[in-house]
Amino acid sequence: MPRIAYVNGRYLPHAQAGVHIEDRGYQFADGVYEVCEVARSFIVDSVGHLNRLDRSLSELRIAWPVNRAALVHIMREVIARNRVHNGMVYLQVTRGVAPRDHVFPAGTTLSSLVVTAKRTDPVASAKRAAAGIKVITVPENRWERVDIKSVGLLPNVLARQQAKEAGAQEAWFVDPDGTVKEGAATNAWIVTKDGHLVTRPADSGILRGITRTTLMDVAKKLGLKVEERGFTVEEAKSAREAFMTAATTVIMPIVAIDGQPVANGHPGSVALSLREAFFDVAEKIQA
Ligand code: PDD
């Protein structure tokens, strides 16, 4: 079955789907995106993701390409046409196509919308969670507006590549004072010796992850305390557990930081029980 992508009003075979060479996303990374998990034929946390899309668009003064109900319809259609029961739906909005000029194009320029979906294997991801993943740390070198989910991801791309070359799966951006910001595409968490969850406040310096927000509710349900505060790489290395969150990985235990094992070097029970409880707590709509 061929993959299908939505591009500016048309459903096209994935291999032939494209945007114009003067799309501002292509030339300036002048656009934003969202990734929602599809699990058991439900779109997970779509309200949170679309609220954040709205915020990213308004911070950059990019118009919605279609209204919200139409966007949900397109997401469902792309998921159905690709027969995705477990996987991801990706959506990207850019400021549209216009002759290359740094300043915004005329107000009549339509923003571009691309929606794709892909399957993932829940068994493989459960196996990854059972094994845990490794992170490296890299100096923070991104702009200050990482609260906007912009497609300008060059530092994130380079950090992930560096992680891969070091035999790890994620890179944590770290401030000069040793405080952990977040991963290249995930939020960062630790569990203290007394079982409290710790994650950096989302008011500056990180993306306010939708999985992160839902996890606060999961923690409440499990009777776990959450401390929103900064933590250092040293604190993480000696924590009881570490893990990361994102729509693509949900909750993924971290078993090593810069080559040093976290606790006994195995996934922690808190991360695994949060992972177990996540789907029941998350907001879901039928895909
Ligand atoms: N990344 N921080 C960064 C820098 C991210 O790019 C992401 C998501 C997150 C987690 O956000 P959420 O829980 O809403 O997925 C945190 C997506 C999945 C990506 O780039 O593929």
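Helices (H or I, at least four residues) and strands (E, at least two) are taken here as DSSP runs, numbered from the N terminus. The model is a predicted one, so local features need pLDDT of at least 70 and side-chain atom pairs count only at pLDDT 80 or more, while totals for chains, interfaces and linings use all residues. Residues are numbered from 1 along each chain as its sequence is written, and side-chain values use heavy atoms, with hydrogens and water left out.

For context, most residues other than glycine have a negative phi. Asp45 has a relative accessible area of 7% and is therefore buried (under 20% relative accessible area, with exposed meaning over 50% and partly exposed in between; 1.4 Å probe, protein chains only). Along the chain Thr214 and Asp45 are 169 residues apart, yet their C-alpha atoms are separated by 8.2 Å. Thr214 counts as buried too, because its relative accessibility is 8%.

Asp258 also has a positive phi, of about 50 degrees, although it is not a glycine. This residue belongs to the loop between β14 (250–257) and β15 (260–261). At 34% relative accessibility, Asp258 comes out as partly exposed.

Now for the ligand. Its shell holds 19 residues, the closest being Tyr33, Glu182, Ile210, Thr211 and Ala247; a residue is near a molecule or strand if one of its heavy atoms lies within 4 Å of it. Oxygen atoms of the ligand pair up with several protein atoms: a polar side-chain atom of Thr211 lies at 2.6 Å, a polar backbone atom of Ala247 at 2.8 Å, and an N or O atom in the side chain of Arg52 at 2.9 Å. On its own the ligand has 480 Å² of accessible area, and the protein covers 91% of that (Shrake-Rupley method, 1.4 Å probe; for residues, only the protein chains shown count as cover). Two or more shell residues come from each of β3 (31–39), α2 (46–60), β9 (180–183), α6 (210–221) and β13 (241–246). Domain 1 (4–120) and domain 2 (125–281) each supply at least three residues to the shell, with bounds from an automatic or database domain assignment.

Elsewhere, the largest nonpolar core has 25 residues, of which Leu53, Leu71, Met75 and Val115 touch the most other members. Such a core is a set of buried Ala, Val, Leu, Ile, Met, Phe, Trp, Tyr and Cys residues joined through side-chain atoms within 4.5 Å. Two or more of its residues come from each of β3, α2, α3 (68–81), β5 (87–94) and β6 (112–119), and α3 gives the most, with 6 residues.

Leu197, finally, lies in strand β11 (residues 197–199). With 0% relative accessibility, Leu197 counts as buried. Leu197 and Ala247 are 50 residues apart in sequence and 19 Å apart in space, C-alpha to C-alpha.

Notes
A polar contact is a pair of N or O atoms within 3.5 Å; within protein, one must be able to donate a hydrogen and the other to accept it, and residues adjacent in sequence count only if both atoms are side-chain atoms.
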